[in-house]
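Colleague: I'd like to learn how to read a pocket and a pair of packed helices. Can you walk me through them?

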Amino acid sequence: METPPSVLFIEDDAELRRALVDALDLEGIAVQALPDAAQALAGLTPQFRGVVISDIRMPGMDGLELFSRIRALDPQIPVILISGHADVPMAVQALQDGAFDFLTKPFAMERLINAVNQAQDYRTRALAHRALRAATEAAAHANTLLIGESPAMIALRESIARIAASDLDVLVEGETGTGKELAALTLHRLSKRRGRSFVPVNCGAIPDHFAEVELFGQTLDGSGYRRSAQVGRIEAADKGTLFLDEIDSMSPAVQVKLLRVLEERTLTPGGEPYPIDIRVIAASKRDLESAASEGAFRPDLFYRLNVVRLRMPPLRERREDILPLFAHFLADRKRPSDKDAFTVSDRIRRHLMEHSWPGNVRELRNFALSTLVDAPDDDAPASRSPQSLTDRVDAFEAAVIREALEAAHGNVSEVIARLATPRKTLYGKFKRLNIDPADYR
């Protein structure tokens, strides 16, 4: 259900103020009416979710000054100005300065209601975009390894930012090496639980006979009145986030116990239940829905985990991110002495662009690190000019793009297909690397 418009109405004429409040109230529009601008301004903040309507000619602070101060506070608060004088130059100037609308008395009530509804819609969208932008920036800051400007990665970061605020359990699905734990950690760091523990559990690495103790803990005796001699991972995540990696490898017996904990949000290691407050993020390298339908995973546990699903894109679906990731892994691990000791050979270049990367980002990272160890250094130092890593990556990108342009005889659409790169991204690289496709036609 949509929130009805909220209006802050400033008018020094008491009779007109009552009339407009009654009219807006009949339309289901909540109104706070005030007789002077200073009083209205004192209660405004950038978090204000509604619309301001103000008369222009008032004693003390007039409507134009109020509008100017609101613009300084938050230019996206919509302001509708009203004047009893048909002052066209004033109206034009106010609209040019950013007023949402300008009405002259007398005006039809339908006209005002229309303006209020449009202004409220504008304000709602502006606040939503602002929140999403802030969340996305926070996501990027929360973990810089969510690298990439491909459409798939942009969409992933936006999804993580939205999901993080919900506190709902999340099922993360993706192939090996796509960064499922990184996504889970980012969800935690952006959530209200970020000051609490993030407890990762690799379900595939725990033998069945240890799994129950590791997850649920154990007591010294069976009395039920003594707390755990060993605190389980679930209890350790109380008030925080529990990350269950490779949950598809969990045995059926442990799945049954986990389902009960997730349903009841209680633990009973010694027989006496006590409540826990956790957010669960589970990860699987296989499609859990298919696994459940095939009998390889408990359907009831799948449905309990399937509150929100997040899919991690494989590297082959975002090939334009390969170079930035490769450069990042090199820069992250190279020593100061490596500054001028690495060049991208033809062999490396071909491998980066032609390999299918079944191991995804993890495989790419390992390849980048191996090149630092195995890269030949046959050239004499005198034959090399000092060049930064960024310059080398730029030179590598330019070589790949020029090679593709030559093969495509300058046909940009064909280059886009060959390099699996969005048109906007490719043209940005043309400009940055000083490449003109016309030179290859």
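Modeller: The largest pocket here has a volume of about 590 Å³. A pocket is an open set of points on a 1 Å grid over the protein atoms alone, where a 1.4 Å probe fits, with protein on both sides within 12 Å along at least five of seven lines. Of its 25 lining residues (an atom within 4 Å of a point), the closest to the centre are Gly177, Thr178, Gly179, Lys180 and Arg362. Keep in mind that this is a predicted model: local features need pLDDT of at least 70, side-chain atom pairs count only at pLDDT 80 or more, and totals for chains, interfaces and linings use all residues. Residues are numbered from 1 along each chain as its sequence is written, and side-chain values use heavy atoms, leaving out hydrogens and water.

Colleague: Which helix gives the largest share of the pocket's lining?

Modeller: That's H13, with four residues. Helices are DSSP runs of H or I, at least four residues, numbered from the N terminus.

Colleague: And how do I read two packed helices?

Modeller: Two packed helices are described by the angle between their axes and the distance between the axes. Here H17 (residues 412-419) and H18 (residues 423-433) pack at about 105 degrees, with axes 10 Å apart. The pair is therefore roughly perpendicular (65 to 115 degrees).

Colleague: Which residues make the contact?

Modeller: From H17, Val412, Ser413, Val415 and Ile416; from H18, Arg423, Leu426, Tyr427 and Phe430. Contact means heavy atoms within 4.5 Å.

Colleague: What about the chain as a whole?

Modeller: Of its 441 residues, 44% count as buried (under 20% relative accessible area, 1.4 Å probe, protein chains only).

Key:
Points joined across faces, edges and corners; volume = space filled by probe spheres on them. Helix = DSSP H or I, 4+ residues; strand = E, 2+ residues; numbered from the N terminus. Axes fitted to C-alpha atoms, helices over the stretch in contact; angles between N-to-C directions. Parallel < 35°, antiparallel > 145°, perpendicular 65-115°, else oblique. Buried < 20%, exposed > 50% of the residue type's maximum accessible area, 1.4 Å probe, protein only.
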